[in-house]
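These are my notebook entries on one structure, kept in the order in which I looked things up.

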Amino acid sequence: MLKAIVNSPVRSGDQTIVNGDLVIGTSGEGVNFNANTPAAGMTSQLLNWYEEGTFTATIEGSTSAGTASYTAQSATYTRIGRVVYFQIYLVWSGGTGTGELYVGGLPFQSAAGTAAYGGAFTPIFLNVALSANNYCSGAYVLSSNTKLRFFQTPTGGGAASAVPYDAAGEMILVGQYFV
């Protein structure tokens, strides 16, 4: 029955696949929503990517990535179109990186410029040393990259600064970014 639907370009009404999957056989093709009235600034009405899986997130330093030992290292993602949603849980020790604290290994390279930043998300840090009287106030995905950068903010307000690399700690993080 599916073959008849695929080979019949002039078909109206709802279509039902009784058994099996609808498979898009050509890269870049997908579900086209061009019957919808687009909003101003619309760039595409084609949904052409869905994927979910796992990836290996790592703790890194900005100056020298270094290495770390992990007692927990879990990361999953779901990509829908240009948006990648992720969940990360890391427990590490013996880290040798230097500079700012990064998480590397995101499953897809982010978009360029401010288009990469995605939504606001706040990591939960346990046993990660921040500057005195600061709290971890967020993270963002670096432009054209597969790394997250963290920042901290003074408790009474003021300018945010980078979170320094910590050789040991625990982190829970969920977020999203654009590719």
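I am working from a predicted model, in which local features need pLDDT of at least 70 and side-chain atom pairs count only at pLDDT 80 or more, while totals for chains, interfaces and linings use all residues. Residues are numbered from 1 along each chain as its sequence is written, and side-chain values use heavy atoms, with hydrogens and water left out.

Entry 1, aromatic pairs. I counted rings of Phe, Tyr and Trp (for Trp the six-membered ring) as paired if their centres lie within 6.5 Å, calling planes under 30 degrees apart stacked, over 60 edge-to-face and the rest tilted. The structure holds six such aromatic pairs. Trp49 sits in the loop between strand 2 (46-47) and strand 3, and Phe108 in the loop between strand 7 (101-104) and strand 8, so the pair ties together parts that are 59 residues apart in sequence. Is Phe108 buried or exposed? Phe108 counts as buried, at 14% relative accessibility, whereas Trp49, at 35%, counts as partly exposed.

I then looked up Tyr140 and Phe151, which form a tilted aromatic pair with 6.4 Å from centre to centre and 40° between the planes. Tyr140 belongs to strand 9 and Phe151 to strand 10, so this pair ties together parts that are 11 residues apart in sequence. Tyr140 is partly exposed at 23% relative accessibility, and Phe151 is partly exposed at 24%. I also noted that ring pairs link Trp49, Phe55, Tyr77 and Phe108 into a cluster.

In which order do the five strands of the open sheet run? I read the order as 3-5-6-12-8, with antiparallel pairing, where two strands pair if DSSP finds at least two bridges between them. Strand 3 (50-54) and strand 8 stand at the edges with a single partner strand each, so one side of each is left without a neighbour in the sheet. From one strand to the next, the twist averages 10°, taken between axes that are lines fitted to C-alpha atoms, with angles from 0 to 180 degrees between N-to-C directions. Strand 3 pairs with strand 5 (residues 69-80) in the antiparallel sense over five bridges, and the bridge partner of Tyr50 in strand 5 is Ile80.

Which phi does Asn127 have, although it is not a glycine? I found a positive phi of about 60° for Asn127, which lies in the loop between strand 8 (124-126) and strand 9 (134-141). Asn127 is exposed, with a relative accessible area of 69%. Ser144, which is not a glycine either, has a positive phi of about 50° and lies in the loop between strand 9 and strand 10 (147-154). Ser144 is partly exposed, with a relative accessible area of 34%.

Methods: Helices (H or I, at least four residues) and strands (E, at least two) are DSSP runs, numbered from the N terminus. Buried means under 20% relative accessible area, exposed over 50%, partly exposed in between (1.4 Å probe, protein chains only).
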